[in-house]
Amino acid sequence: MNQVIEIYADTQRPSKIQSVQETRALFAEENARRTSAGATPLIVPSASSVKRRLDSADPFYVCAKRYGSSAAARKFAMSSNGPDVVRPMERVEMDENKLDVMSLLTLTGIWDHLPTERQKKFEAGRRWLYIAIDCATKCVVSMRLADNPNSDDAIRALRLIFEDKTPLAQAAECESTWHHHGGIGTLVTDMGPAFVSDAFQTTVASLGITSHLPPAGIPWMRGHIESFFRTLGHQLMPLLAGRTFFDTVDRGDYPSEMLACLCDDDLIKVLLTYIVDIYHNQPHGSLKGETPNAAWQRLVAEHGTPTVPDGLTLRKAFGRPMTRKLNDEGVLFSGLSYSCEALREAYLHSPTREVEIRVDLQDIGWIAVKVGATWYPALANQPGFEGVNFDELREGIRAIRHAHARDARLDAPKVQRAIERISEANRCAFALRALTPFHVADVEVARADAALHYPLRSDAQRLGHVPPSNDLLNDAISITPPKDTSREPDSDDSGPGS
């Protein structure tokens with residue numbers, strides 16, 4: 001009679017009536033065998049008796065056998081408040097989610113120049129969104145769009161956690177600042193392929209961060225990030241044309257693909273505006289009505305934040321890996337030469353001429369170089385490129401080449417002046433594009449680097465040369481009369497010597 005439980009607890013999910021009937025049929029088979037053997041037949045229980053036995057089964061066991069252990073764990077989980085977190089950045093949860101809105105998979109600048117018939121044929125789809133949230137204050141500390149879940153975009157999203165992202169908010173014309181950043185105590189992710197990849201886990205380990213990966217199927221172990229995605233779906237998605245709703249039943253006949261009108265840079269602006277200006281400034285239930293911005297300000301004043309890794313550590317973890325030839329100027333990247341004392345020693349004494357480097361495309365003023373087993377910072381030999389990003393350098397060089405097509409060797413001051421002429425609108429576009437799937441790819445970096453056969457000249461700056469002056473005495477040698485040392489000065493001598 002107990003077999004009714006095993007019959008019902010099956011992945012084929014038979015009904016209770018079918019299970020009871022099959023169990024009673026087993027009694028009939030057993031009685032037929034007993035009759036042929038001359039044994040006393042069993043009393044066949046009624047259907048209600050078999051059903052009572054089935055109803056006494058372990059609910060978790062039955063659910064796990066019918067629907068899987070993960071589904072059973074979700075169904076029978078008891079509510080809890082989650083891990084106790086009191087300090088900012090003590091626990092950061094990070095996850096990926098497919099946006100519930102159809103968008104145009106391109107940038108506005110490209111879209112505006114397409115003919116109408118081409119626009120109608122353009123592909124629409126759903127982007128993935130990477131989000132990192134501080135559990136103590138509920139502040140979003142990182143965000144970026146991706147084509148599909150992948151370790152590269154997950155690593156780029158991790159990099160933003162350590163930065164003051166106010167320039168990105170300003171580029172999106174947000175009124176509030178996005179200053180929330182700091183070191184990470186514990187990073188919590190799910191078991192997605194992007195997060196368990198060797199590349200992501202190696203980056204996390206190199207930063208000295210404690211990584212926690214709760215088992216799959218236990219979403220309440222990452223309740224803060226899951227709650228944020230639900231909030232995003234309920235508050236922002238209903239405002240966007242082309243939304244896909246939560247499922248096909250809710251969607252009904254809504255023509256999501258036909259109404260898709262947001263390009264990637266429009267989508268990132270909308271998301272930034274919602275997070276920075278709306279979400280961070282509205283009362284949060286988990287904070288007892290306090291806003292995330294107010295909670296951040298209060299808790300940072302009380303506890304501070306974990307220390308952000310130093311620049312060299314960040315370059316080693318997040319910089320673009322490349323290999324360069326060592327020469328008398330150091331190493332060359334995109335027309336800029338970099339050197340340090342370790343490189344000079346290696347050039348003199350080391351037979352190895354291949355050097356591994358790490359480049360941060362957001363600041364090409366210095367790079368990390370590996371000499372032996374140790375990493376060192378190497379500064380650009382050409383001054384004036386501190387804080388300049390790769391997009392601005394490439395655009396400045398393009399402008400010079402456009403005006404002086406035959407000039408193979410570029411002058412660093414000319415490039416710097418071209419960079420200064422880049423409009424603020426272009427800088428904003430560069431900043432926002434870095435958050436989309438259209439960020440600078442490795443193949444673009446390699447192509448731009450190969451196009452520069454010579455380093456940017458900066459002889460006048462390096463040697464201290466200055467433009468000639470109209471003052472005829474500007475370059476004259478100053479002669480000071482010798483001081484009379486034949487006698488000691490009197491106590492009332494207050495002026496210079498004769």
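1. To start with terms: two strands count as paired if DSSP finds at least two bridges between them, while helices (H or I, at least four residues) and strands (E, at least two) are DSSP runs, numbered from the N terminus. With that in hand, Arg358 stands opposite Ala368 in strand 12. The model is predicted, so local features need pLDDT of at least 70, side-chain atom pairs count only at pLDDT 80 or more, and totals for chains, interfaces and linings use all residues. Residues are numbered from 1 along each chain as its sequence is written, and side-chain values use heavy atoms, with hydrogens and water left out.

2. Strand 8 is joined to strand 11 (residues 354–359) in the antiparallel sense over 6 bridges. Within this pair, Pro321 has Arg358 of strand 11 as its bridge partner, and Thr323 stands opposite Glu356. Strand 11 also pairs with strand 12, antiparallel, over 3 bridges, and a hairpin of 6 residues links strand 11 to strand 12.

3. Moving along the sheet, strand 12 (residues 366–371) and strand 13 run antiparallel, joined by 6 bridges. Val369 has Tyr376 in strand 13 as its bridge partner. The hairpin of these two strands has 2 residues between them, and Gly372 there takes a positive phi near 70°. Strand 13 (residues 374–380) is also joined to strand 10 (residues 336–339), antiparallel, by 2 bridges; Ser339 stands opposite Leu379.

4. Contact here means heavy atoms within 4.5 Å.

5. The other sheet in this note is open too, with 5 strands in the order 5-4-1-6-7 and mixed pairing. Strand 5 (140–146) and strand 7 (210–212) stand at its edges with a single partner strand each, so one side of each has no neighbour in the sheet. Strand 1 (residues 91–98) and strand 6 (residues 186–188) pair in the parallel sense over 3 bridges, with Arg91 opposite Thr186. Helix 8 lies across strand 1, strand 4 (128–134), strand 5 and strand 6, at about 150° to strand 5.

6. Now the largest pocket, which has a volume of about 1400 Å³. A pocket is an open set of points on a 1 Å grid over the protein atoms alone, where a 1.4 Å probe fits, with protein on both sides within 12 Å along at least five of seven lines; a cavity is a set from which the probe cannot get out, and lining residues have an atom within 4 Å of a point. Points are joined across faces, edges and corners, and the volume is the space filled by probe spheres set on them.

7. The lining of the largest pocket has 47 residues, with Arg159, Glu163, Asp360, Leu361 and Gln362 nearest its centre. Among the elements that each supply at least two lining residues are helix 8 (151–160), helix 16 (311–318), strand 8 and helix 18 (390–403). By class, the lining has 20 nonpolar, 10 polar and 17 charged residues; Ala, Val, Leu, Ile, Met, Phe, Trp, Tyr, Cys and Pro count as nonpolar, Asp, Glu, Lys and Arg as charged, and the others, Gly among them, as polar.

8. Finally, a helix pair. The axes of helix 2 (residues 16–37) and helix 3 (residues 47–55) come within 10 Å and cross at roughly 115°. Lys16, Val20, Thr23 and Arg24 of helix 2 meet Ala47, Val50, Lys51, Leu54 and Asp55 of helix 3 in this contact, and the residues divide into 4 nonpolar, 1 polar and 4 charged.

Key:
Axes are lines fitted to C-alpha atoms, for helices over the stretch in contact, and angles run from 0 to 180 degrees between N-to-C directions.
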